[in-house]
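Here's a quick briefing to read with the model open on your screen. Have a look at the rings and helices as you go.

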Amino acid sequence: MFLVGFMASGKSTVGPELARRLGWEFVDLDSRVEAREQKSVPEIFRDVGEPGFRLAEGNALQHLTQSLDRNSVVALGGGAFAQEKNRALLRDWPSVFLNAPVEELWRRSLADGVERPLRKNRDQFGQLHSARLPFYRQATITIETAGRDVISICSEIEGALQLPTAAEGGRQESAMSGSPKSQSGESQ
Ligand code: S3P
């Protein structure tokens, strides 16, 4: 499953917790891009700009989907699902749009200490959010996250996609298959 949504929508917080509950692997696409490029996301933007970053992001996603275990939770960067080519790559995967009012996203983005090259000021942030909303809306399901904790968000995703949590046998199944997934611990 792929978590999509704007900057600070909670993809990197919900993703690891959801993966832990399901006994699945967690993958953070930005971390994959950084590992492939041997540079941080801000460094990539500084060196090759947004076009260069999108190229690296698209390549990392294509590479990832070639060998991705179905039992994986992948957090995408905020712009990835706005790219047609990337959405086409994910056509056969469930996608989850984590939605919140832009005011809350702006507040969270200032509070979480992550350096974001595409967050410039409140107006620009709002305009970019509006431009991307129609793409996020194409996700399989939409979850409203405003004022909610991670546990309740995870429960709603599991219910909507009819996924068994570890407590209901998810982890048991994984253990029986002999290859329990380890968590990568990746985050931004
Ligand atoms: C981006 C969001 C970032 C990161 C990059 C570009 C965007 O990820 O991929 O800075 O285009 O919105 P987060 O959504 O995790 O902040």
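What follows covers an aromatic cluster and a helix pair.

This is a predicted model, so to speak of local features takes pLDDT of at least 70 and side-chain atom pairs count only at pLDDT 80 or more, while totals for chains, interfaces and linings use all residues. Residues are numbered from 1 along each chain as its sequence is written, and side-chain values use heavy atoms, leaving out hydrogens and water.

**Aromatic cluster**
- Ring pairs (Phe, Tyr or the six-membered ring of Trp, centres within 6.5 Å) link F6, W106 and F125 into a cluster.
- F6 and F125 sit edge-to-face (planes over 60 degrees apart), at 4.9 Å centre to centre and 70 degrees between the planes.
- F6 is in the loop between β1 (2-4) and α1 (11-22) and F125 is in helix α6, so their pair ties together parts 119 residues apart in sequence.
- W106 and F125 also pair edge-to-face, with 5.0 Å centre to centre and 65 degrees between the planes.
- Both W106 and F125 are buried, meaning under 20% relative accessible area with a 1.4 Å probe, protein chains only.
- F6 is buried too, at 1%.

**Helices α2 and α3**
- Helices here are DSSP runs (H or I, at least four residues), numbered from the N terminus.
- The axes (lines fitted to C-alpha atoms over the stretch in contact, angles from 0 to 180 degrees between N-to-C directions) of α2 (residues 29-37) and α3 (residues 41-66) come within 9 Å and cross at roughly 110 degrees.
- That makes α2 and α3 roughly perpendicular, a label for 65 to 115 degrees.

Notes. Helix = DSSP H or I, 4+ residues; strand = E, 2+ residues; numbered from the N terminus. Parallel < 35°, antiparallel > 145°, perpendicular 65-115°, else oblique. Phe/Tyr/Trp six-rings, centres within 6.5 Å; stacked < 30°, edge-to-face > 60°. Buried < 20%, exposed > 50% of the residue type's maximum accessible area, 1.4 Å probe, protein only.
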